[in-house]
Amino acid sequence: MSSDNWAHIRVDAVTGEVVPHLLADHLGKVAGLAARFASDFGEDWARLAGLLHDLGKYRSGFQRYIRQANGLDAHIEGRVKDSDKTHSAAGALWAEQLLARELGPQGQMMARVLQYVIAGHHAGLDNWDDGLAARLASDDAQRELADALAADPPLSVLRPDLAGLSLKDLPIGREGADTPGRFALWLRMLFSALVDADFLDTESFMDQGKGVARRGAPSIQALQSALNNHLTSLVSSAADTPVNRVRQGILAQCRSKAIQDAGVFTLTVPTGGGKTLSSLAFALDHAALRGKRRVVYAIPYTSIIEQTADIFRKVFAELGEDAVIEHHSNAETEPERETSRSRLACENWDAPLVVTTNVQLFESLFARRTSRCRKLHNLAHSVIVLDEAQLLPVEFLQPIVDVLRLLVRDFGVTLVLCTATQPVLTASVSQDPRRGLRRGFEASAVTEIIDDVPGLYAALERVRVHVPTDLNEARAWPELADEIAGHEAVLTVVSRRADAQLLFNLVRQHDPDGCWHLSALMCAQHRSDVIAEIKAALVQRRAALSAGLAAAPVRVVSTQLVEAGVDLDFPVVYRALAGLDSIAQAAGRCNREGKLPGLGEVHVFVPPTKAPPGLLRQARETCKTLWSEGTDNPFALPLFERYFQKLYHDADLDAKGICEAVHLEADQRERTLAVRFKDASDNFRLIDDADAATVLVRYRSPGAKEDINALIGMLERDGPSRWLMRKLQRYGVTVYRYQLDKLVKAGDIREVPMCPGLYVQIEDWDAFYHPQLGANVDGAPGDPASYVVSA
C-alpha cells in the first residue's frame with residue numbers, strides 16, 4: 001500500500017521508538033511550502049515540483065534501503081544496490097509524461113522546467129546538453145520511474161491539477177539584448193523554493209527543535225524603531241561641527257527618499273559622510289513603507305563587513321543577537337555568541353536583516369548546488385544594499401548587472417548602490433558590441449538619493465591633491481622614504497605587498513618607533529590588532545597636541561586593504577599611482593573628520609615598480625590617461641564617470657562567458673529549454689583560489705582568549721569543527737600552491753593531517769611569521785579571505 005511508503009525515519013530519543021515520515025505527507029507539505037515560497041513568481045510550478053520531487057522514493061528498492069539503513073527489516077537478505085537508492089529522476093520523467101499527455105507538445109516543453117528542479121534537488125542544477133538530457137534518457141533513470149509507478153503511488157501525486165500551468169507564463173521569450181539569463185534566474189528561484197521547502201519539512205520531522213529555533217526574529221518595524229532610537233541618541237550627543245551637520249543632511253535625504261516606489265537607487269556620498277547608517281535608514285524605512293520582507297546588506301571585504309556588522313549589532317542590541325544575521329566565513333567566531341537561530345538563518349536568509357558578502361550574494365545567484373541556491377527565493381521583495389559598489393568585480397560586471405536588473409524587474413527587489421565613487425552602470429555607447437557594459441540600468445530609472453551631489457562633495461572637501469607633473473617619471477624608494485619620514489603623522493598606500501614591506505623597512509630606519517605595516521601577508525587577526533593600535537595611537541597623538549605636549553609619530557605603510565571601510569584619519573596621505581577610485585578611497589583616510597584647521601594633504605607618486613598585471617594595471621593606466629589630459633581638480637566628479645566608462649570599455653566584463661552559459665536556447669522542435677547551469681556555476685568564482693592554499697600561522701594576538709597553539713593543537717588532534725575552523729580563519733594567510741613544496745621542504749609549514757589542502761606553520765619557527773611584516777613568503781597571491789567565501 002502506498003500509505004506504507006516512508007520518506008524518512010526518526011528514532012525517538014526518549015522512547016527509542018521508530019517514527020516513520022510518511023512519503024505522501026512529505027510530498028504534500030513540500031508542495032505547500034514551495035508554492036508559498038514561490039507565490040510571487042511561480043506558485044503552481046513550485047507546487048507541482050514539490051508533489052513530484054520524491055516520486056522515486058516509492059520504489060521498493062528505496063523502501064528496503066531506508067528500512068535497512070535504520071536497522072529494520074534485517075531479516076531480508078541481500079544488500080540494497082546503490083542504483084536502488086536514487087530517487088530524483090522518477091518525478092522528472094513522470095512530469096514529462098504527465099504534461100505531454102494532458103497538454104500536448106507544449107506540455108512536453110513545459111516539463112523541462114520541472115525536470116531541471118526535480119532531477120537537481122539533491123545533485124544540483126545541471127546543463128541540459130551534455131548533462132541532464134543524457135541522465136534522464138539512461139536505463140537507470142527509466143528503471144527508476146518504472147519501479148516507482150509499480151508501487152502504485154496515490155492519484156493525488158500522479159494526477160495533480162494542472163490548471164494553473166501555462167507555457168505563456170514562462171519567461172522563455174526570445175532572449176534578446178535586454179533579457180539574457182531571465183529564464184535561468186527564474187528557474188533558479190523556483191529551484192530555491194523547492195529545495196528550501198524540502199529541507200524545512202525534512203528538518204521539521206527529523207529535528208523538531210530546529211523548527212522552533214527558526215522563530216523569533218524581530219520584525220522590520222522593530223528594527224526600524226531601534227534604529228530611530230539610536231539615531232536620535234547619536235544626533236543629540238554629536239558635536240555641532242560642519243561635518244556632522246552635513247551627515248545629518250545626508251540622513252534626512254535618505255529618509256525622505258524612502259517613500260518612493262521600488263527600483264534602483266544610488267547613494268553617492270564622500271568617504272566619512274556617514275553613509276553606512278544613512279543607507280540602512282533608507283533600507284528599513286523603504287522596506288516598512290513598501291512592504292519589503294528583508295534587507296540584505298552586501299559588502300566586498302572582510303574588514304568592512306565585520307566593522308559594519310559590529311555597528312549594526314550595537315544599534316539593535318536591545319533586540320538580541322538574532323537581530324543581525326551575518327553570513328560569511330569569518331562571521332562570529334565565538335560559539336557562545338552564535339545562536340541556534342543565527343546558524344539556521346544563514347541557511348536560507350529567513351531573517352529581516354542579513355549582512356553578507358558580494359561573494360556569497362553573487363555566487364549564489366549563479367550557483368547550482370542546493371546549499372547555495374536555497375536562500376534565493378528570499379531575495380524576492382527585498383532591499384539589497386551594495387556597499388562600496390565601485391568594487392563590483394570588473395571581469396564579472398556584465399552578468400552581475402544583468403542579474404541585478406532582473407531582480408529589480410521580475411522579483412520586486414529595490415537596489416541601493418552605495419559608494420563615494422559611483423561606477424557607471426548604464427549601458428555604454430561603444431561602437432564595439434564586445435566592449436563596455438552592453439546592458440545596463442536605464443539612466444532614467446535610477447534615482448540618486450542625494451539632491452545635489454556636487455554640492456555635497458564641495459561641502460565635504462577636506463583634502464588638497466598633489467599629482468606629479470610627469471606621470472611617467474618614477475620616484476626611488478629611498479627618496480620617498482625620506483620624504484614620508486619627514487611627516488609626523490602619515491599614511492602611505494601602495495599596490496604591491498612587496499612594495500609595502502620594502503618601503504616600511506626604509507621608513508622605519510629613520511625612526512623605528514611609531515611605525516606600522518599592513519598587508520594581506522598578515523593574517524586577519526593580526527591586521528585587526530594593528531589597525532586598533534594605529535587608531536589608539538592617533539587618538540593619543542591628537543590628545544597630546546591639544547594639550548600642547550610632545551606627540552609620538554604615527555607612520556603607516558599599507559597595501560590597498562585600508563582603502564575601504566577602515567576608519568583611519570591622517571593629516572597626510574601618500575598614494576602610489578593607481579585607479580582613480582582607489583586614489584579617492586585612500587584620500588578618504590585624510591582629514592576624514594574635517595578637524596584640521598585647513599585641508600589635508602594627499603600626495604600621489606609614481607612608484608618605481610609596475611602595477612600588478614591585469615585589472616590593477618589597467619586601472620592605473622586609465623587614471624594616467626585621464627590626468628594626462630589635464631584637469632584643475634584631480635577628483636572632479638565628471639572625471640569619475642569618464643574613468644569608469646573607459647575602464648569598462650577596455651576590460652572584458654564577462655571574462656568567463658557567464659552570459660552565454662545562462663542564455664536560454666529554446667528549441668520548439670526538440671521541446672527543450674537548454675541552459676548551461678553547471679558551466680555558469682563552475683565559472684562564476686569571484687575568488688579564483690585554484691592556485692592558492694591557506695597556511696595557519698602562529699600569530700599571538702594580545703587580546704585573544706585562547707592561545708593559537710592550543711587551537712591548532714585541537715585541530716590536529718580532534719579534526720575540524722565548525723566553530724574551530726571559523727575561529728582559525730582569522731589566522732590564515734594565503735600563498736601560491738607552487739610555493740607549498742618549497743615551504744614544506746624548508747620545514748616552514750606542514751599539512752594538517754585531517755584537513756587535506758590546509759597547512760600550518762611549524763611550532764617554534766618564528767622566522768616564517770614576522771611580528772610586523774607577516775608571512776615570509778615572496779610573491780604570494782591576493783588574499784581570498786579579504787573577499788570571504790562563505791560556506
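Me: What makes strand β11 and strand β14 a pair?
Reply: In this predicted model, strand β11 (residues 489–493) and strand β14 (residues 572–576) run parallel and are joined by 4 bridges; since two strands pair if DSSP finds at least two bridges between them, they therefore count as paired. Within this pairing, L491 stands opposite V573 in β14. Strands here are DSSP runs of E with at least two residues, and helices are runs of H or I with at least four, both numbered from the N terminus. Residues are numbered from 1 along each chain as its sequence is written, and local features need pLDDT of at least 70.

Me: Why are β10 and β12 called edge strands?
Reply: The open sheet has 6 strands in the order β10-β15-β14-β11-β13-β12, with parallel pairing, and β10 (463–466) and β12 (515–518) each pair on one side only, so they are its edges by the pairing rule.

Me: What makes α22 a helix that packs on the sheet?
Reply: Helix α22 (residues 524–546) touches β11, β12 and β13 (554–558), where contact means heavy atoms within 4.5 Å. Its direction makes about 145 degrees with that of β12, on a scale from 0 to 180 degrees between N-to-C directions, with axes fitted to C-alpha atoms, for helices over the stretch in contact.

Me: How do you know that the lining of the second largest cavity divides into 9 nonpolar, 1 polar and 2 charged residues?
Reply: Its lining includes G181, R188 and D402; Asp and Arg count as charged and Gly as polar, while Ala, Val, Leu, Ile, Met, Phe, Trp, Tyr, Cys and Pro count as nonpolar, so the division is 9 nonpolar, 1 polar and 2 charged. The largest share, 4 residues, comes from α18.

Note on methods: This is a predicted model: local features need pLDDT of at least 70, side-chain atom pairs count only at pLDDT 80 or more; totals for chains, interfaces and linings use all residues. Side-chain values use heavy atoms; hydrogens and water are left out. On a 1 Å grid over the protein atoms alone, a cavity is a set of points where a 1.4 Å probe fits but cannot get out, and a pocket is an open set with protein on both sides within 12 Å along at least five of seven lines; lining residues have an atom within 4 Å of a point.
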